[in-house]
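Dear colleague,

Please find below the structure that I am handing over to you, followed by an account of what was found in it.

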Amino acid sequence: MSVHNILIVDDSKTELYFLSDLLTKHGYSVNTAENGEQAMAMLAAVKPDLILMDVVMPGQNGFQLTRQITRDPAYSGIPVIMCTSKKLETDKVWAMRQGASDYVIKPVNATDLLDKIRAIV
């Protein structure tokens, strides 16, 4: 699977800007959502190749949203990389149990994130 279109889900405008800028400079097409409701609407409109998901958001958190997406047959093939400030190993384990493909801790190391995106198969 080749990744071209990425959906970033994060309630921080700063993070959305940073990640969008980084990814577009590396040739990716980027869409953004600031919460679970916007993310689900964006999924229906533009099926991305990959989702970068924050955890701490108002309303539905990233763990819940990841579980919803990865268990929905329409979207279950879309890999989700959690991109969060939550650093505990238990958070990473929980993210993977919800269906995440990988886990990146903020502040994001650009090289590490790009390597993880390129590794998505």
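Helix α2 crosses helix α3 in a right-handed sense. The model in which this is seen is a predicted one. Helix α2 covers residues 36-45 and helix α3 residues 62-70, and the two pack with their axes 11 Å apart at an angle of about 25°. Since angles under 35 degrees count as roughly parallel, α2 and α3 are therefore roughly parallel to each other. On the α2 side the contact is formed by G36, A39, M40 and L43, which meet L65, Q68 and I69 of α3. Sorted by class, this contact of α2 with α3 comprises five nonpolar and two polar residues, with no charged residues.

L19, L22 and L23 of α1 make the contact with A110, L113, L114 and I117 of α5. By class, the contact of α1 with α5 has seven nonpolar residues, no polar residues and no charged residues.

As to the overall architecture, the protein has five helices and five strands. From the N terminus on, these elements follow the order β-α-β-α-β-α-β-α-β-α. For 121 residues, a compact globule would have a radius of gyration near 14 Å; the protein has 13 Å, which agrees. The C-alpha trace spans about 30 × 30 × 30 Å along its principal axes.

The five strands form an open sheet with parallel pairing, in the order β2-β1-β3-β4-β5. Strands β2 (29-33) and β5 (102-105) stand at the edges with a single partner strand each, so one side of each has no neighbour in the sheet. On average, neighbouring strands of this sheet are turned by 20° against each other, direction ignored. Within the sheet, β1 (residues 5-9) runs parallel to β3 (residues 50-53), and four bridges join the two strands. In this pairing, I8 stands opposite L52 in β3. Helix α5 (residues 110-119) packs on the sheet, where α5 touches β1, β3, β4 (80-84) and β5. The direction of α5 makes about 170° with that of β5.

Most peptide bonds are trans. The bond between K106 and P107, however, is a cis peptide bond, with omega about 0°. P107 lies in the loop between β5 and α5.

Within α5 itself one finds R118. What is R118 in contact with, leaving aside its neighbours within four places in sequence? The contacts of R118 are with H26 and Y28. R118 and I69 are 49 residues apart in sequence, and their C-alpha atoms are 21 Å apart in space. I69 is also one of the α3 residues that meet α2.

To draw the points together: the model shows an open sheet of five strands with parallel pairing, on which α5 packs.

With kind regards

Notes:
Residues numbered from 1 in each chain as written. Predicted model: local features only at pLDDT ≥ 70, side-chain atom pairs only at ≥ 80, totals over all residues. Heavy atoms only, no water. Pairing = 2+ DSSP bridges. Axes fitted to C-alpha atoms, helices over the stretch in contact; angles between N-to-C directions. Contact = heavy atoms within 4.5 Å. Nonpolar A, V, L, I, M, F, W, Y, C, P; charged D, E, K, R; others polar. Rg over C-alpha atoms; globule rule 2.2 N^0.38 Å. Parallel < 35°, antiparallel > 145°, perpendicular 65-115°, else oblique. Left-handed = near helix turned anticlockwise from the far one by under 90°.
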